[in-house]
Amino acid sequence: MTSATFPSSPPENQSWNRYFGFNTDAKVIGIQYIVTAFFFFLIGGLLAMIIRGELITPASDLVDRTVYNGIYTMHGTIMLFLFIFPVLNGLNNLLIPTMIGAPDMAFPRLNAVAFWLVPIFGFLLIASFFVPGGPAYSGWWSYPPVSIQNPLGHFINGQGLWLTAVALSGVSSIMGAVNFVTTILRMRAPGMGFFRMPVYCWTALAAQSLQLIGLPALTGGAVMLLMDLSFGTSFYEAEGGGDPVLYQHFFWFYSHPAVYVIILPVFGIFSELFPVYSRKPLFGYVYVSLASFIIVGLGLIVWVHHFFTSGVPQWMRNLFMVNTMLISVPTGVKVFAWLGTIWRGKLRLTTPMLFCLGGLFNFVFAGITGVMLATVPVDIHVSNTYFVVGHFHYVIYGAAVMGIFAAIYHWFPKFTGRMPYEGLGKLHFLLTFIGANLNFLPMHPLGLMGMPRRVSSYDPEFAFWNVLASLGAFLLGVSIIPFLLNMLSAWVRGPKATHNPWNAIGLEWLLPSPPPEDNFGEHVPTVISRPYGYGTGEPLVEHQAEIERQLCLQEAST
Amino acid sequence: MTATVHQPPDHPKAEHQNHNLTGFIIFLCSESVIFLAFFSGFALLKTSALNWLPAGVEGLEWRMPLINTVVLVSSSGTIWLAERCMAKGNLVGFRTFWLVTMALGAYFLYGQAVEWSGLQFGFTSGVFGGTFYLLTGFHGLHVATGVFLMGLMLVKSFIPQNYVGGEQGVQATSLFWHFVDVIWIILFVLIYVWQRS
């Protein structure tokens, strides 16, 4: 009788083929997203290696200057639209349904379509390397007038493919966002009110709301740019009465919030992991949850700080400077909550915890330079220099990507049923942390000294810091090797994982590893308390002891 | 001890079907931002342009668009009547009003096409032509989508028992149609009423 009441045992020997076809199971789609994203991560990373290889000497000697323009444009575009958004959507697919006790996403087919658009626009973007004139070369923001020039006159050109890919990426992300928001709003387990939701779900809800509000503006702006480029309209062309700054508004109205789309789920990951590895409840759960939505509100009204130098009136500069600085309040609340969580906790320095601590350190640093950049005088001084590049990479690689690695190590056992190796994981952390800081810290002095971004040659006086940065970049390149080795070998023959190897609290840890296709199926447990009850002894769901006993029995019998 | 574990009333699969309307409303909110972007872009370009109208263009004729406005606004009324008939279980009434709405939508598209064919400027005639065709074209695309969705719902109404107990597809289509209507009113004011720069 007992075996019939609780989720069936983990599916045995499911075919590997399901990862290569149109599958509507969110857990399969999640892994498809993550693996695809890391494929593109390797391509984007290779481009970064070429950039840093070029910059290790002051002369422009490794690649041609025009090729260099294409390489940094594609590096940024690939890393954002083909690595970081897909990898986060992958985590959303794995975590949201299991964390809220839903059998799947609200719209499983839409979910699969959204995923399959990723390889399609990825292919379009990569194909632009092979068209006459090469890929887009106007930087990842594609400002007109550079981006509406088509010197060779081909209808199919790098910039056109770039715009098509970005528009498709927008369509895919909107499909994903509609799905995630509906799932979180409508499919939570009985008893799981909003203030019993794990913080990851709060941050995913906030981030996906930003996608829904911001992305249409970018998509609309990109369509208008494509028309200027390919059909001869003049929305952004001053000669025909258009305004190039209008594009900057459209672009940053989405692309600034996009940074929060990236960092908010990482805040969610920090909020999930610090309590597990400190054995304490999350400090200030309500404030951490609500801060996400304050960040959403403020994040939508700061976009002009990206172009203080583009002839913006002074009142607008002041307004957007103040708005930008205000964001440090809700983020500060979160940082203090995490510190309060770690404070006097029983720390376990596992690989995921190390990545979280390293990510938090880098995030605080990036936050400080962020406030500096918000200040109009400083911003005008360092605008378009390596200071901006350094700040940005601290946020994205130093904080966000490290948080994503933490999440991957933490939830790997849940979704593969295998444990990753700690030794390789710690080596990966060490190389990443040292590499990231060695790579991105020297960019700050370079920026303050006035080295512009997007150049392939520079004054010899900048050489010292550039050599350091390049060495750091190569270290980051090497750091991927233990990671890939770890993931592949652990997935194939790592030690079997129990249902809750980290002794964590959450609905996903009350499922077998890996979970069955419909998660809890019809037996969704009723949530009776807030998440993160570490050290309180309070059960999360009704009949928790019974559920756990059955999972242990199941594990003992296999 | 085991009988207490399961919760049959919250059967997830049964609940699964009922999220379409929620998802669609969320999508519409998102879709409205793209119009907001186009409208604010239009206003910004218009207020900052030195020569708004291209050489030889006097301005826009407003009679045809005004008729179109009346047509579209009244179609919002007929689709509401159709929905009411559906709620009362009157399938024949639903189909009648639904068809009338479709016809009004089709007439709107016809009127738009007639207006376009009589204009002496094109898509590439400066920023004036560009924004005009972009806004009316993008809105027209939504009208066409609405008519198509209505056709789909009409066909589905002939499947026996399909619409017993309400149908989210009809509600969603009707919501979409009201949305298209509101967008048109804003568009009409922006493009045809606000002609002087």
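Hi everyone, let me start with one residue: Thr219(A), which sits in helix α6 of chain A, residues 199-231. Before I go on, please keep in mind that this is a predicted model. Is Thr219(A) buried or exposed? Its relative accessible area is 15%, so Thr219(A) counts as buried, the cut-off for that being under 20%. If we set aside the neighbours within four places in sequence, the contacts of Thr219(A) are Ala167(A) and Gly170(A).

From there, let's go to the nonpolar core. The largest one holds 239 residues, and the two with the most contacts inside it are Ile84(A) and Trp98(B). Which element gives the largest share of this core? That is helix α7 of chain A, residues 244-278, with 22 residues. Take Ile84(A) as an example, again leaving out neighbours within four places in sequence: Ile84(A) touches Met79(A) and Ile262(A), and also Ile396(A), Ala400(A), Val401(A) and Ile404(A).

Now for the surface. There is a nonpolar patch of about 460 Å², and its members are Tyr287(A), Val322(A), Leu326(A), Val329(A) and Val333(A). Two helices of chain A, α9 (314-326) and α10 (328-342), each contribute at least two residues to the nonpolar patch. Val322(A) is in helix α9, and with a relative accessible area of 44% Val322(A) is partly exposed.

Next, chain B. How many helices and strands does chain B have? Six helices and zero strands, and along the sequence the pattern reads α-α-α-α-α-α. Chain B has 197 residues, and 49% of them count as buried. If you look at the contacts in chain B with a separation of 6 or more, 79% are between residues 24 or more positions apart. The accessible surface of chain B is about 9700 Å², with 68% of that belonging to carbon and sulfur atoms.

So how do the two chains meet? On the chain A side 47 residues are in contact with chain B, and on the chain B side 34 residues are involved. Together the chains bury about 3400 Å², and carbon and sulfur atoms give 72% of that area. In chain A, the residues that lose the most area to chain B are Arg186(A), Phe235(A) and Glu522(A), together 15% of what that side buries.

Over all chains, the salt bridge count is three, and I'd like to walk you through them. One pairs Lys27(A) with Asp25(A), with the closest N and O atoms 3.5 Å apart; both of these residues are buried. Another joins the side chains of Glu422(A) and Lys426(A), at 3.4 Å from N to O. Both partners lie in helix α14 of chain A, residues 422-440, four residues apart, which is about one turn of the helix. Glu422(A) is partly exposed at 28% relative accessible area, and Lys426(A) is partly exposed too, at 34%.

Then there is the salt bridge between Glu546(A) and Arg549(A), at 3.5 Å from N to O. Why are these two about one helical turn apart? Because they are three residues apart in helix α17 of chain A, residues 544-557. Here Glu546(A) is buried, with a relative accessibility of 13%, while Arg549(A) is partly exposed at 41%.

The peptide bond from Pro144(A) to Pro145(A) is cis, with omega near 5 degrees. Pro145(A) is in the loop between α4 (108-127) and α5 (158-186) of chain A. Ser513(A) and Pro514(A) are also joined by a cis peptide bond, with omega about -10 degrees, and Pro514(A) lies in the loop between α16 (463-493) and α17 of chain A.

That loop between α16 and α17 also holds His543(A), which is not a glycine and yet has a positive phi of about 60 degrees. His543(A) is partly exposed, at 32% relative accessibility. Arg344(A) likewise has a positive phi of about 60 degrees without being a glycine. You will find Arg344(A) in the loop between α10 and α11 (351-374) of chain A. Is Arg344(A) buried or exposed? Its relative accessibility is 77%, so Arg344(A) counts as exposed.

Thanks, everyone, and I'm happy to take questions.

How values were computed:
Residues are numbered from 1 along each chain as its sequence is written. Chains are lettered from A and ligands numbered from 1 in the order in which they are written. This is a predicted model: local features need pLDDT of at least 70, side-chain atom pairs count only at pLDDT 80 or more; totals for chains, interfaces and linings use all residues. Side-chain values use heavy atoms; hydrogens and water are left out. A nonpolar core is a set of buried Ala, Val, Leu, Ile, Met, Phe, Trp, Tyr and Cys residues joined through side-chain atoms within 4.5 Å. Buried means under 20% relative accessible area, exposed over 50%, partly exposed in between (1.4 Å probe, protein chains only). Contact means heavy atoms within 4.5 Å. Patches are made of residues with over 30% relative accessible area and no salt bridge: like charges are joined within 9 Å, nonpolar side chains (Val, Leu, Ile, Met, Phe, Trp, Tyr) within 5 Å. Accessible areas come from the Shrake-Rupley method with a 1.4 Å probe; for residues, only the protein chains shown count as cover. A salt bridge is a side-chain nitrogen of Lys or Arg within 4 Å of a carboxyl oxygen of Asp or Glu. Buried area is the accessible area (1.4 Å probe) that two parts lose on being put together, summed over both.
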